[in-house]
Amino acid sequence: MSVETAWVTTRIKQNQIDKYLENGRDFINDEAIWDRINTAGVPSAARVREILAKSLEIKTLSPGELAELIRVSDPDILEEMRAAALKIKLKVYDNRIVTFAPLYMGNYCVNNCAYCGFKYENITQKRRVLSTDEIRRETESLAGKIGHKRIVAVYGEHPLTGIDYIAGSMRTIYDVKVPLEKGFGNIRRINVNAAPMATEELKHLHDVGLGTYQVFQETYHHETYAKLHPGGTLKSDYRWRLYAMHRAMEPETGIDDVGIGVLFGLYDWRFEVMALLHHAIDLESKMGIGPHTVSFPRLEPALNAPYVFQSPYRVSDRDFLKVIMLIRLAIPYTGMIVTARETADIRREAVYYGVTQMDASSKLGIGSYSEDSETQQQDRQQFILGDTRGLDELVRDFAKAGFITSFCTAGYRCGRTGKCIMDLLRSGKEGKFCKLNAVLTFQEWLDDFATDETREIGMKVLEKEIAEIREKNPQGFRAFYGFLERVRKGERDLFL
Ligand code: SAM
Ligand code: SF4
């Protein structure tokens, strides 16, 4: 038996699936979901407003209510829904956009997902795992040249990138501090996108400073899932993946920020949107809190993955924006991520439908941040990017539109995670509270990394934010301003 095969046989802990099942069933009932979509009536304008009022109170919708919203096609009512989605985003997250960069650590994989360039059958893929020195160099580029504070570390599923490698790579990243003119640049939050793990392993990740743990179900439709993830591979176990977040949120792991997602384009988006809501509801009821983030990857071309072009379910731009809006309305408290898979135009628009987080300066080739390669390296990356804007350009674009880019990573370091952050989000207080840290970190980034043009535009947004804090939070202003002055003099990584 090869090392890989032996490793694969030890991965899945059946008892860590069975404990969550109800009468032997998982929480995705395909027939019931379709039945609800097909039998929901087209709601009247008054009924839509009633549902929107519930979303605006930051309450999770019921599947029946979401099914009704899915049926809406009247352009005026859709526009009312979009306006409500933006209002919710502003109520919960204010005018902040959180940025991060993906860091691909290795492209070895024991799975054979029909849509992914890393699948083991893709023999043209140049396989590589970053060494400790290479991880250090990648981090130096991200934190010292571009100015990222937050990354999502991405791993294929393979014994070479198992739990010990993941934990070790996180330690290496956190250890890097790049001296700058005024202070230092470093990565302060590592989110992890990796295969489903057992509870014991997840505790280990928490102990080395995990931010959010992300696993996307890809498709919640059982039959499609089985078709795209060949039997006999680890990933073919639908339920091991479906309950990854339940395991992560077991009290003994210490993790309470989890990210769910769907790879849009694999199956009918209406079904997937309903299923995401069922996932959030099951987490809320069994584990006490729903997802910290929902991600919206959309199928992109990948080398030697022809399924991408064959799928009958590819999602149009118009439907993609509708999907984002529906999730903002259905799970109003959650953070929402649209990555650079999408074009700059779609990403600019998506913010007005409720998106809160975006990556920038992204490179998907293993080792490509430190190699300073301008071109995308198709033979060692997972798929092709749509938005290749650098962080400086993205910050400038958003500043022109009145949004502030937040580099705040205080959350998990000062206990503002899980239930605590959810209560703040639901009450709409998080937006106000985090504004202070957003301003501090934005000032820090403008001083350390911005081009002159971006700095000038960014400072205008910053001054407006400072005036707003003075007006709305006069008691807290003095303490806040003290921190701001310390940042301006060169102190780094301060948060309230
Ligand atoms: N290997 C781990 C897993 O599958 O969970 C994590 C890393 S995987 C590289 C991260 C995500 O990339 C997957 O969950 C999937 O949603 C997404 N992905 C795979 N192929 C893609 C494609 N062709 N276009 C867009 N996203 C894709
Ligand atoms: Fe491997 Fe993840 Fe790609 Fe599937 S999506 S082939 S599990 S890296």
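**Exercise 1.** This is a predicted model. Work out how the reach of helix 21 (residues 474-489) compares with the expected span.

*Solution.* Start by counting: helix 21 has 16 residues.

**Exercise 2.** Which residues of helix 21 are buried, and what follows the helix?

*Solution.* Take the burial part to begin with. Buried means under 20% relative accessible area, and in helix 21 that picks out Phe477, Phe480, Leu484 and Val487. A handy bit of background: an α-helix has 3.6 residues a turn, so residues three or four places apart point the same way. Next, step off the end of helix 21 and you land on Gly490, with a positive phi near 120 degrees.

**Exercise 3.** Find which ring Arg486 lies over, then which ring has the charged end of Lys177 over it.

*Solution.* Arg486 lies over the face of Phe483, 5.0 Å from the ring centre. For Lys177, look at Phe184: the charged end sits over that ring, 4.3 Å from its centre.

**Exercise 4.** Count the aromatic pairs, then classify Tyr20 with Tyr243 and Tyr352 with Phe403.

*Solution.* In the Tyr20–Tyr243 pair, the centres are 5.3 Å apart and the planes 15 degrees apart, which makes it stacked. Tyr20 is in the loop between helix 2 (15-18) and helix 3 (30-39), while Tyr243 is in the loop between helix 11 (238-242) and helix 12 (244-248), so the pair ties together parts 223 residues apart in sequence. Tyr20 is buried at 5% relative accessible area, and Tyr243 is buried too, at 0%.

Over to Tyr352 and Phe403: with centres 5.7 Å apart and planes at 75 degrees, the pair is edge-to-face. These two are 51 residues apart in the chain. Tyr352 is partly exposed at 32%, whereas Phe403 is buried at 5%.

One more thing to spot: ring pairs also link Trp34, Tyr267, Phe271 and Tyr313 into a cluster.

**Exercise 5.** What surrounds ligand 2, and how do those residues divide by type?

*Solution.* List the shell: Cys109, Asn111, Cys113, Cys116, Phe118, Lys119 and Lys235. Then sort the residues, and the shell splits into four nonpolar, one polar and two charged.

Conventions: Residues are numbered from 1 along each chain as its sequence is written. Chains are lettered from A and ligands numbered from 1 in the order in which they are written. This is a predicted model: local features need pLDDT of at least 70, side-chain atom pairs count only at pLDDT 80 or more; totals for chains, interfaces and linings use all residues. Side-chain values use heavy atoms; hydrogens and water are left out. A residue is near a molecule or strand if one of its heavy atoms lies within 4 Å of it. Ala, Val, Leu, Ile, Met, Phe, Trp, Tyr, Cys and Pro count as nonpolar, Asp, Glu, Lys and Arg as charged, and the others, Gly among them, as polar. Rings of Phe, Tyr and Trp (its six-membered ring) pair if their centres lie within 6.5 Å; planes under 30 degrees apart count as stacked, over 60 as edge-to-face and the rest as tilted. Helices (H or I, at least four residues) and strands (E, at least two) are DSSP runs, numbered from the N terminus. Buried means under 20% relative accessible area, exposed over 50%, partly exposed in between (1.4 Å probe, protein chains only). A charge sits over a ring if NZ of Lys or CZ of Arg is within 6 Å of the ring centre and within 35 degrees of the ring normal. The expected span of a helix is 1.5 Å times one less than its number of residues.
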